[in-house]
Amino acid sequence: MKQERIWIVALILLTCVVNVMSAQEHTLSFQILDDLTNEPIENAQISLRPCSCGGVTDIKGEFKITLPQDTYVAMVSFIGFKTLEREIFLDQDQTLRLSLGEEQQQLSEVVLTAKRVSDRLETSQMGAVKLTTLELKKMPAVLGEVDVLRSMTLLPGVNNAGEVSNGISVRGGSLDQNLLLYDYAPVFNPTHLFGLFSVFTPEAIASTDLYRANIPARYGGRTTSVLDVKVRNPYVDKFKLSGGIGLVSSRLSLETPIIKDKLFLYAGTRAGFTDFLLPIVSKRLEKTKARFYDHTIKLLFLPTDKDQISFTNFYSKDFYQLDLIAQVENVNAESNQYDFKTFNNTLQWTHSFKDDSSLRTVFLLSNYTPKTLFPERDNNNVIEYESQINFASIFSEYEKRINERLNYYAGIQGNRYKIKPGQLDPGTAQSVLPVSLDEETSYEFSAYTNFNWNPIEPLTVSGGLRVTNFSFVGPYTSATFDESTGEITGITEFDKGEKVESYNVLEPRLGLNLKLGKNTSVKASYARLNQYLQNIYNSTTPLPTSRWKTSDTNIAPQKSDSYSIGIYQDILNNRVELGLETYYRKSENNLTYKPGADFFLEEFLEQDVVQAKGEAYGMEFSLRKPKGKINGWLNYTWSRSFLKTESERLADRVNNNEWYPSDFDRPHVFNSTVNFEGDQYNTLSFNFTAQTGRPYTTANGYFDIEGIDVPIFLERNNVRLKTYHRLDLSWRVKYGKKLDRRWIGDWTFTIYNVYARKNQYNLYYTQRNGDANTNIFRGSPLGSYELTIMNSPLFSLTYNFVFD
């Protein structure tokens, strides 16, 4: 009897073990990515058979489910993408990274745009624009290819300095007040070919984020905006080739796995040789030369399911020659040559934890080296002027999603700036002395945190704080000045590593979003920002000869307080988006040049610059139709931007210490873009822009010095150029009806400045000789002449292709 009981107990235990083993469960994790951009896809639908279960992915493109051990078929779908099926034998915890390919239909681009409509109403982030590669492609092509900076200038509140510009101006700010990042590394000169192209390799771009209002706390060091451009992750399972061949530039990119599911490579390059085109555009450009190239290389390594390591290398180089526009004393030259390059490296490691959190650590180096060359007349000697910015940074950031209503991140960051202000090498020239300005070294240490909170259904709050210590250290020679005369009264020498000056600042950020019904929201924001690195120039387009300067004893950091409020609404069943934003920005310590300043080789820059207060305010209206065969947007911005010095010395005052328009003051700006998508093979795009002319300074009179009439300038930016307007055309033609072919190509034909508008770039004065043009200038000893850059249409034809 006892033995029978033992066998019964053993049988029961065996049955339990079998049942437990047969019912053993495992976690199946998905991450769904966009095959083109390698960005996570939110709200992708995952269905599993035979359990008839599933769900949708979160903002990271992730979805997890626990299931009994068995064989399953997963079907992943998202509107605008090809449906993917995968058979899975679940005998242990598994993580699947799956990529969805775009359907070869125009609908795919529309769906991603529609997703952004919801983001715009739901988030508390204000003044932010996120564009993916597909959305950038919908914008009119610039000379045959997608361009980030040109696309940005179609948005409300974003502008440039004219036809030839080294960047963008956001809400009346100067070009150097924008932080431009390319895979986390700053880019100090973001343009090619006099500003017609941006330096970012087109096929390399995954997404572009522009922040204009409550800038997230992870960003610091600029007072107006942040443009964050991310390079795509080359997570591919086969070789892929793409590129384009055009009149102005040509490019080639490849993606390939190196070690299956572990190591991947992206490499893209672009080059432009336009010397032969420039004389066709304008006879004035027959002596002008221009060429450029850039490349982006990215390696992606996945050592485990929880770790991702990437390395990005970016190199950009430009060379161009212009008629003499900048001079150095005793230099006998008739042209300027500019040779400048950028060399950036980014190493990133991201580790994901099981509790919806991650840790990202990034180390980066950024090097910018501009040169100005002066070829001497009648000999082979070239006088060289070179400067350099060497920037290094490391930061580590922890991010956690607590629940659907609350998430946050916190991080620390250390930056080092090493600036070579300038070095002049005369070569064999006997009339020019060599000059070498002292290097400048400074450090910036920051800690920051940011949260997003949805306390009640209609209200979303985002808040952040950034704490920074900035230190300027030796070796350095510092000067003190007499307040009444401006003369140097003393010199102080600082040893290597010795603290010259330091600043401690707090930068709070706040954003609020209140939803008023399903399709309307009201937002408000505030942000304080500080800037320790600035660019000084005395023209609207910073040439490579302009000076970069960090804050020191005599030059305090720039500071701004920005306030914004806006209302947003979706109408006609979310087919049309409306937005109205107003803003006010108060700033201090804006750096500008003193009257008559020449800081090209100045040892003590403080003698030629003055810091001014600033005010910028405006209203931005936007209307956007992202869907349909006819889609596009219309933007109108009314804004003002002013500066005011408070110098005691008369010689240091700008505009006699009265408010005056900044170089980027544009009261009225209108942009309109229309895309006609007649069928899946033809897309016709028009872009029209019109804006108030840029302020410039005209002479208030003149006086005679030994027979030479010299103009007198008492007021700065006292008149304006003529109204600027321009129409561009882009026609993209796809061909071939087979959706499964490996080689896909299209032609893009563009016309820049369709109706040949002769927009003024500048007005300048020169001494008149004889009685020429008397009917125009009358008795004036000075002649005023108009300078235009693009006074005829600029045509471009580009063949774009993808081999997959």
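## A partly exposed aspartate and its patch

Aspartate 438 is partly exposed because its relative accessible area is 40%, where buried means under 20%, exposed over 50% and partly exposed in between, with a 1.4 Å probe and protein chains only. Aspartate 438 sits in the loop between strand S26 (435–436) and strand S27 (440–456). Strands are DSSP runs of E with at least two residues, and helices are runs of H or I with at least four, numbered from the N terminus.

Asp438 belongs to a negative surface patch together with Glu439, Glu493, Asp495, Glu498 and Glu603. Patch residues have over 30% relative accessible area and no salt bridge, like charges being joined within 9 Å and nonpolar side chains (Val, Leu, Ile, Met, Phe, Trp, Tyr) within 5 Å. Asp and Glu count as negative and Lys and Arg as positive, while His and the chain ends are not counted. Each charge is placed at NZ of Lys, CZ of Arg, CG of Asp or CD of Glu.

## Basis of the model

The model is predicted: local features need pLDDT of at least 70 and side-chain atom pairs count only at pLDDT 80 or more, whereas totals for chains, interfaces and linings use all residues. Residues are numbered from 1 along each chain as its sequence is written, and side-chain values use heavy atoms, with hydrogens and water left out.

## Nonpolar cores

The largest nonpolar core contains 43 residues, and Phe188, Leu193 and Tyr320 have the most contacts inside it. Strands that each supply at least two residues of this core include S20 (289–304), S21 (307–323), S22 (335–352) and S31 (499–515). A second, separate core has 22 residues, among them Leu131, Leu180, Val199 and Leu227. A core here is a set of buried Ala, Val, Leu, Ile, Met, Phe, Trp, Tyr and Cys residues joined through side-chain atoms within 4.5 Å.

## Nonpolar surface patch

Ile258, Ile259, Leu299, Phe311, Leu347, Phe363, Leu365 and Ile394 make a nonpolar surface patch of about 660 Å². Strands S18 (250–259) and S23 are the elements that give two or more residues to this patch. Accessible areas come from the Shrake-Rupley method with a 1.4 Å probe, and for residues only the protein chains shown count as cover.

Isoleucine 259 is found in strand S18. Isoleucine 259 counts as partly exposed because its relative accessibility is 45%.

## Salt bridges

There are 27 salt bridges, each defined as a side-chain nitrogen of Lys or Arg within 4 Å of a carboxyl oxygen of Asp or Glu. In one of them, arginine 212 pairs with glutamate 620, the closest N and O atoms being 3.6 Å apart. Arginine 212 is in the loop between strands S15 (205–211) and S16 (225–231) and glutamate 620 is in strand S37 (609–625), so the pair ties together parts 408 residues apart in sequence. Both residues are buried. Arg212 and Glu620 also belong to a salt-bridge network with Arg171 and Glu581.

Glutamate 255 and arginine 232 form another salt bridge (3.4 Å, N to O). Glutamate 255 lies in S18 and arginine 232 in the loop between S16 and strand S17 (240–246), so this pair ties together parts 23 residues apart in sequence. The relative accessible area is 4% for glutamate 255, which is therefore buried, and arginine 232 is buried with 6%.

Arginine 270 and aspartate 294 are also bridged, with the closest N and O atoms 2.9 Å apart. Arginine 270 in strand S19 (263–273) and aspartate 294 in S20 are 24 residues apart, and both are buried.
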